[in-house]
Amino acid sequence: MPRNNAISLPCFHDVWGAVLLVLVVLCIPGSAAVVIDDVLVSLSSLDLTKMKQGWGRPQIDQSITSKPLTIGGQVFEHGVGSHADSVFSIQLDGQAGRFTATVGVDDGAGARGSLVFQVYLDGSLSFDSGVMHGGDPAKRIDLDLSGVTHMMLLVTSAGDGIDYDHANWAAANFHISAGSNLPVALDYPPRESPMIITPKPGPVPAINGPRLFGVRPGHPFVYRIPCTGTRPIVFAVDGLPDGLVLDPATGVLNGTAPATAGEYDLTLGATNEHGAAERSFTLVVGETLALTPPMGWNSWYIHYDRVTEQDIREAANAMIDSGMADFGYMYVNVDDCWMKQQGDEPYRDTATGAVLCNAKFPDIAGMVDSIHALGLRAGIYTSPGPWTCAGYVGAYEHEAADARQFAEWGFDFLKYDWCSYENVATGDGTARLQRPYRQISEILRTLDRDVVLNLCQYGRGAVWEWGAEVGGQSWRTTGDLGLQQGALLPAFYSIGLRNARHHECAGPGRWNDPDYLMLGWVGSAQNMGEGTPTDLTPNEQYSYMSLWSLMAAPLFLSGDMTKLDAFTLNVLCNAEVIAINQDALGKQGRVMIEDDDHFIMVKEMEDGSVAVGLFNTSEGEQPLTVRWGDIGLSGSCTVRDVWRQEDLGTYADSFSTPKPIRRHGVMLIRVS
Ligand code: GLA
């Protein structure tokens, strides 16, 4: 009898049961002529607690709703009932025979579910069901597993959300040769030990941050010179215009910008007992704010509706104490939920009509003062609608009073979030989407402060095409990153790659915003949960930061500032990575090569070099190569490893990564 002619056995929920049954079959009188060299091991006998899925728990021999497994009217006795998005990672020993299964949407979902089933064998896609809908006939999988050591079962939502995506892996069995090892369910994502690759800044001062900064004529200006090196450091500035004062001990510049527009060339200096640093810096007095992407912190993904004034004050202090401010992080922004909630009247000051804070913000003006005293900037949030997304008081019909109040408190940044404006918006098409943003930016323009305006309307109406025209300095290009589900790849990839499409619309003073850096301790956005350490692997975190830097995205950490660990800081605070983000040319990187298992993003830099990110999106490690000709370069180029801050040498025609890039990892290089 040929191998792999599997004898159909009932499903085994433990390995010994499986082995025992084979022995029983061998002992059946009259079966002696049958050479049994395969053991059937059902998928459901593996440790299903390791199967990750978007809703509910994996079910043995029944659908996700505890009914018989049924696909297109066909009922199956055995299998696993799951739900998109789902991932199951399985170790094999290279000697397994086959994997067979019958897959489809469970009939219990009616016609509503739509799914894609995929099987990866050693990182390559070996089965793809295409989109399957509820009611479609089942599809059969039969895969040869010889030589395969890793298998990944995947169910995705076919891009339309996971509602009713009841996924059946029916009659799913491994055909294992007698004597070889049984399949083992693995943790997903696989554990990786965090390796710190950012070199520690030295004791000698090094000045970081952008080469230029925009301010409107005669407006207040605060800037803390981002600088690493052993404190105390004595700061000096050459060419400082009248109206601005430097505190030599902290490096904080404070005062009023010149009344006359123009470029003011300064030389920043920093000296300590180990040495000195100097750097040119241009104060661009004019109309354009945010000449480089804003950097800072936002409260949303960690504090949600729990946010307090104390959290914001602590975040500002931590921005200094952690060293983040030494790399250019400067905005400390409160998101939703600082104002009063629906029902908690009065909402507004009877005299001025301006919005009131809730009890958790007893002294918001004092809070902003203390942020400014550190040389940092403060940001606030509201909605053009009557209510914010979390049901707090919005600015509707009080826009001017609220904006004036924000300026009086001293805020430097406003996130303006569409939310309930949907219910009151008038007009049609793009004009309807633009109206509240035009209105608020015109109001902000009358204030005697620079208030950077972030449009938050989730990328509707191709906002990247008109965000700058209506007065925004940045605009979210997608829905909330924290609400996106990722199965095989974490959501920052899909959000990032969507944001990447709009590279042509970005430039100095106008940035595509793919949402925050959810790193360190973050709370789940699904339930506004308490913070827990990110479940992104170390390699994924390097990829996330590299992608945001290459895309010239605003760099806002939205995680717990009081729980920053050494690994997270090594991701957030690499001066050369940030320099790519803050480059004065203001080009957003674009994807120049994209394949199933990798992509290459390229960003042109002011000095004529290019920053190149080689992203491995596969489940395994792989070396990657970039040919200069494919990214618009030619001849011999020198290459620098940006994360490790090391020159790698000169490369003719192409560059291949010296080591394979780990699963979901990146190599970020600067090519001159
Ligand atoms: C929306 C925004 C988020 C956050 C919340 C606050 O969902 O997109 O970034 O500001 O509102 O409620």
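**Entry 1: around Y329**

I started at Y329 and looked up its contacts (heavy atoms within 4.5 Å), leaving aside neighbours within four places in sequence: M295, G296, M319, M324, L376, M545, L555, L572, C573 and I578. Residues are numbered from 1 along each chain as its sequence is written, and side-chain values use heavy atoms, with hydrogens and water left out.

**Entry 2: nonpolar cores**

Next I looked up the nonpolar cores, which are sets of buried Ala, Val, Leu, Ile, Met, Phe, Trp, Tyr and Cys residues joined through side-chain atoms within 4.5 Å. Buried means under 20% relative accessible area, exposed over 50%, and partly exposed in between, with a 1.4 Å probe and protein chains only. The largest core has 133 residues, and M324, Y329, W338, M545, W548 and L572 touch the most other members. Another core, of 37 residues, lies apart from it and includes L115, L121, V148 and F174.

**Entry 3: cysteines**

How many disulfides does a search of the whole structure find? I found 1, counting a pair of cysteine sulfur atoms within 2.5 Å as a disulfide. C389 and C419 form it, with their sulfur atoms 1.9 Å apart. The pair links distant parts of the chain, 30 residues apart: C389 is in the loop between β26 (377-382) and α5 (399-409), and C419 is in the loop between β27 (413-417) and α6 (429-445). Here helices (H or I, at least four residues) and strands (E, at least two) are DSSP runs, numbered from the N terminus. The torsion about the S-S bond is about -95°, so the disulfide is left-handed. C389 is partly exposed at 48%, whereas C419 is buried at 12%.

I also checked C337, which is in no disulfide; the nearest cysteine sulfur, that of C389, is 9.6 Å away. The sulfur of C505 is 18 Å from the closest cysteine sulfur, in C456, too far for a bond.

**Entry 4: the ligand**

Which residues surround the ligand? I listed those with a heavy atom within 4 Å of it, among them W300, C389, K415, C456, R476 and D480. An oxygen atom of the ligand is 2.7 Å from a side-chain N or O atom of K415, and one is 2.5 Å from such an atom of D480.

**Entry 5: confidence**

Last, I looked up pLDDT, the predictor's confidence in each residue from 0 to 100. The chain's mean is 93, but residues 1-36 stay under 50. Where pLDDT is low, the predicted coordinates should not be read in detail.

Technical notes:
This is a predicted model: local features need pLDDT of at least 70, side-chain atom pairs count only at pLDDT 80 or more; totals for chains, interfaces and linings use all residues. A polar contact is a pair of N or O atoms within 3.5 Å; within protein, one must be able to donate a hydrogen and the other to accept it, and residues adjacent in sequence count only if both atoms are side-chain atoms.
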